[in-house]
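Student: I have a sequence and a structure open side by side. Could you show me how to read a few features, starting with a single side chain?

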Amino acid sequence: MKQITKAIILFISLLVSTSTFAQNSKVLFVMSEADTLLLKKGKKKRSTGVFLNEFYQAYKAIINEGYTVDFATPSGGKASIDQESLNDDYWKENLEMKQEAIDFWESNTAFSNPMILEEAIERESEYIGLVIPGGQGLMVDLIYDQNTPELLKSFAKDQKAIGLICHAPSLITTIPKNDNPFIGYNVNSVTGFEEFYIEKFIMKGKPKNRKIAKQLKKLGLKYEKGRPGKSFAIRDRNLVTSQNPYSGNKFNTLYLKALEEVK
């Protein structure tokens, strides 16, 4: 009888342990679904979206550590991918991963059917971390979405791991200074020079919302940067930010450490 009781207790303990791990191993990816960026005061249109390698390298690193991932976009549509991000130059550190990422983008069911941001906010307690990949698509939709500041504040309040890549640190500016939990944090993002290079030589036009580093400093954050086009990422408390598509490995190392500490 005692052996049966012990077996039952062990079984229940395993169930509780498994359930606890499941509840403490989910990461939310929030992405843009915008596919068009207006340049030159609205006179020129350019395709835009999420930078595929900035998303997929982070996603792959996270699931390889045993975490599970959910996806969210502003209205529940499939995230758009910036065609510029398919250039081999952005995959120099992980070129063998490019086709795998493309296949995932084209056919993964969960990626193709994200939840809306309102639902993501309601389910915040399920997650230990948040990642928002870069790409200029978020400068079209996420930065103007009223749910974005609420999402960031919710994750910050509970000291969960927050990862903002390249253009994504600009979303910190959606929170008013008197209510912003990141004031005084060290932060990184795409640099002013990199913005200039992108606008001059790649997009050949300026978008409406730019000079992200300047906006972050004006808000009251301590901006740090690396060399243009080189790998750079920093962590301050629960916030991890990175500079460009070449910063994936550094971002992943810092973010996985932050996740481990939350768990």
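Tutor: Gladly; let's start with lysine 40, which is partly exposed, with a relative accessible area of 45%. Buried means under 20% relative accessible area, exposed over 50%, and partly exposed in between, using a 1.4 Å probe and protein chains only. Please keep in mind that this is a predicted model, where local features need pLDDT of at least 70, side-chain atom pairs count only at pLDDT 80 or more, and totals for chains, interfaces and linings use all residues. Residues are numbered from 1 along each chain as its sequence is written, and side-chain values use heavy atoms, with hydrogens and water left out.

Student: Where does lysine 40 sit?

Tutor: Look in the loop between strand E2 (36-39) and strand E3 (44-47). Helices (H or I, at least four residues) and strands (E, at least two) are DSSP runs, numbered from the N terminus. The phi of lysine 40 is near 50 degrees, a positive value in a residue other than glycine.

Student: Which loop holds lysine 204, and what is its phi?

Tutor: Lysine 204 lies in the loop between helix H7 (192-203) and helix H8 (212-219). Its phi is positive, about 55 degrees, although lysine 204 is not a glycine. With 48% relative accessibility, lysine 204 counts as partly exposed.

Student: Is serine 247 buried or exposed?

Tutor: Serine 247 is buried, at a relative accessible area of 1%. You will find serine 247 in the loop between strand E11 (239-242) and helix H9 (248-262). Contact means heavy atoms within 4.5 Å; leaving out residues up to four places away in sequence, serine 247 touches Lys230, Ser231, Phe232 and Ser242.

Student: How do I read the sheet?

Tutor: Two strands pair if DSSP finds at least two bridges between them. Here seven strands form an open sheet in the order E5-E4-E1-E6-E7-E11-E10, with mixed pairing. Strand E5 (115-116) and strand E10 (233-236) are the edge strands, each pairing on one side only. Within the sheet order, strand E6 (residues 129-132) and strand E7 (residues 161-165) pair in the parallel sense over four bridges, and glycine 129 stands opposite alanine 161 in E7.

Student: And what about the whole chain?

Tutor: The protein chain has nine helices and 11 strands. Its radius of gyration is 19 Å, close to the 18 Å that the globule rule gives for 263 residues, so the chain is as compact as a globular protein of that length. That radius is taken over C-alpha atoms, and the rule is 2.2 Å times the number of residues to the power 0.38. Of the 263 residues, 52% count as buried.
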